[in-house]
Amino acid sequence: MQEEHPPLRALAEEIAGCARCPRLAAYLAEGRQRHPDYWGHPVPGYGDPGARLVILGLAPGFHGANRHGRVFCGDDSGRWLWSALHELGLCSHPRAADWYSPLVLRGVYVSNAVRCAPPQNRPVAAELAACRAFLRRELSLLPEARVVLALGHLAHNTFLRLRGQRLSGFAFRHGAAHEVDGGPPLMVDSYHPSRQNTHTGRLTWEMWLSALRAAAQAAGMGH
Ligand code: SF4
């Protein structure tokens, strides 16, 4: 398993107990009743405390991370993420079926803009705003972070808002790199490896691998 880091562990426990967004807290509570075997709580980030590359998704999938309690676990997006990271030598295993999968990330930390699974995968603006505080604190505990790979425009906007930037100054484009107020981390954009993107061909495996490789290289990881 991943190396323990007490401050990240304490933050993860705080996130897991958060119920600040009433709509999402009610949705998760209702989900726990329908699926008592699911984790059913907010899902903290996961990865290497010395990460140079932070991968920022949107939110836990209801039947993926929300079920298993670990980001990008047990769904199609996770299959793409872990397979690609493994191919680049940044992850110990090519898949993570559940919480117990022995997954070790090397130089990479994975998180989400919103930590509760939202209905229809669509968080509202107030929920994105509320959860940004956790991302701010997570990034402050990852001092080596050089690149944030934003998966989709909502993750892209989340990072810009976190840095107090105007969204109009930074257009989302797959593969684009943005220097945000001059300092690290640099932001690199990628389409999210959601089924909606991978099954329609908007995001091909080659495009995905290329974006991850570029982000790792920009982070000085030399892949
Ligand atoms: S989305 Fe974030 S801030 Fe809102 S309840 Fe979930 S963990 Fe808390």
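**Entry 1: elements and overall size.** I counted eight helices and six strands in the protein, taking helices (H or I, at least four residues) and strands (E, at least two) as DSSP runs numbered from the N terminus. The radius of gyration, taken over C-alpha atoms, is 16 Å, close to the 17 Å that the globule rule gives for 223 residues, so the protein is as compact as a globular protein of that length; the rule is 2.2 Å times the number of residues to the power 0.38. I noted that this is a predicted model, in which local features need pLDDT of at least 70 and side-chain atom pairs count only at pLDDT 80 or more, while totals for chains, interfaces and linings use all residues. Residues are numbered from 1 along each chain as its sequence is written, and side-chain values use heavy atoms, with hydrogens and water left out.

**Entry 2: the sheet.** I then looked up the strand order and found an open sheet of six strands, β1-β3-β2-β4-β6-β5, with mixed pairing, where two strands pair if DSSP finds at least two bridges between them. β1 (46–47) and β5 (177–178) stand at the edges with a single partner strand each, so one side of each has no neighbour in the sheet. β1 runs antiparallel to β3 (residues 108–112), joined to it by two bridges, and Gly47 stands opposite Tyr109 in β3.

**Entry 3: strand β4.** Which strands pair with β4 in the parallel sense? I found β2 (residues 53–57), over four bridges, and β6 (residues 186–190), over five bridges. Leu56 stands opposite Ala150 in β4, whereas the bridge partner of Leu151 is Ser190 in β6. I also checked burial, with buried meaning under 20% relative accessible area, exposed over 50% and partly exposed in between (1.4 Å probe, protein chains only): five of the five residues of β4 (residues 147–151) are buried. Val147, Leu149 and Leu151 lie on one side and Val148 and Ala150 on the other, so that both faces are covered, and in general the side chains of a regular strand alternate between the two faces of the sheet.
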